[in-house]
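Please look over the sequence and the 3D view before reading on.

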Amino acid sequence: MAQRQETTQQRPLPNPGWGPLSALPGNPLMWVLILSEMVVFAAFFGLFAWLRIGEREVFDASQQLLDPVAGGINTLVLLTSGLFAALAVQAIGRDDKRRCRQWLAGAFALGVVFCVVKVMEYADKLGQGLMPETNTFFTFYYLLTGFHFAHVLFGLGLIALVAWRISHDNVETAAAFWHMVDLIWILLYPIIYLLR
Amino acid sequence: MRTPLATLPSPTRRLLITWAVLMGLTLVTMLSAQLGGDARLQALPLWSAGLLLLSTAFKAHQVLMTYLGLRDASAAWQGAFIGLVLFTLLLVASGYLLAQLGS
């Protein structure tokens, strides 16, 4: 225990000069973004759970209209895309730009697969006349998944940009954003699609 | 005889193991949510809802620690991020339980 404390104290700070953020790895500002996004989604998830108390039948009946298998497939796709992004960071750490670009391309391609599945899901729901104003559940469904979808699109743009302007900091920052998108979906999927 | 996984550098091995665990837990989550047949029309048993939220918490922990590299951050930051995930899931679990009790 004492040895572990000693090791922790001796380890140099990843970002010296950043005050309380000095102890975070990667770009400190990305962590500020990650924390703020997590707080926003936490508030929405809490509100969703709170409103479900008063409208349980509506929420459960509406949830039956979603496709949890498509959501599960998208979870697997996004997790694998996250792995590729993490491998891209490792590759750029070895200064292997070619391999880094390959992993980024893989992460990007799987991100596109996520989008295709999501668009098909939206088309199916809208085709059934299920709109954001249909009921409270669908307001939250479109709001939360739509907000997340916007992050996926932004993340794809970021991955494309850093694959072009490749550097260790750029790749690490884009990968951190991509993992945040991953993290939010990991929380969103069971709350919206599965818990009943 | 060393397995192909054992020949990989330690950080890569850790990433691959984490990925495999995350994929496995996602499948467990889907199974525990009983997506097939008439079971989908029923409310989840309490154990199943609990398993779902626990595996979600563990997956979020793994993404933070390994994918995002929070393992290298200070204990205070680790606690802040993991605490926020747990708080979120606690909110959801409380709402879920209250809804079940109210029906």
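The model described here is predicted. Chain A has seven helices and zero strands, so that its elements, read from the N terminus on, follow the order α-α-α-α-α-α-α. The C-alpha trace of chain A spans about 55 × 40 × 25 Å along its principal axes. Of its 196 residues, 39% count as buried. Among contacts in chain A between residues at least 6 apart in sequence, 72% link residues at least 24 apart.

Where the two chains touch, chain B contributes 40 residues and chain A contributes 38 residues. On the side of chain B, helix H1 (10-32), H2 and helix H3 (75-102) each supply at least two residues. H3(B) gives the most to this side, with 11 residues. The classes on the side of chain B that touches chain A are 27 nonpolar, 10 polar and three charged residues.

One helix pair joins H7 (residues 168-194) of chain A to H2 (residues 46-67) of chain B; their axes come within 9 Å and cross at roughly 175°. Angles over 145 degrees count as roughly antiparallel, and H7(A) and H2(B) are therefore roughly antiparallel to each other. The table lists the residues that make this contact.

| Helix | Residues in the contact |
|---|---|
| H7(A) | His179(A), Asp182(A), Leu183(A), Ile186(A), Leu187(A), Pro190(A), Leu194(A) |
| H2(B) | Leu52(B), Thr56(B), Lys59(B), Ala60(B), Val63(B), Leu64(B), Tyr67(B) |

The residues of the contact of H7(A) with H2(B) comprise 10 nonpolar, two polar and two charged.

Methods: Residues numbered from 1 in each chain as written. Chains lettered and ligands numbered in written order. Predicted model: local features only at pLDDT ≥ 70, side-chain atom pairs only at ≥ 80, totals over all residues. Axes fitted to C-alpha atoms, helices over the stretch in contact; angles between N-to-C directions. Helix = DSSP H or I, 4+ residues; strand = E, 2+ residues; numbered from the N terminus. Parallel < 35°, antiparallel > 145°, perpendicular 65-115°, else oblique. Contact = placed C-beta atoms within 7 Å. Nonpolar A, V, L, I, M, F, W, Y, C, P; charged D, E, K, R; others polar. Buried ≥ 20, exposed ≤ 12 C-beta atoms within 10 Å, placed from the backbone.
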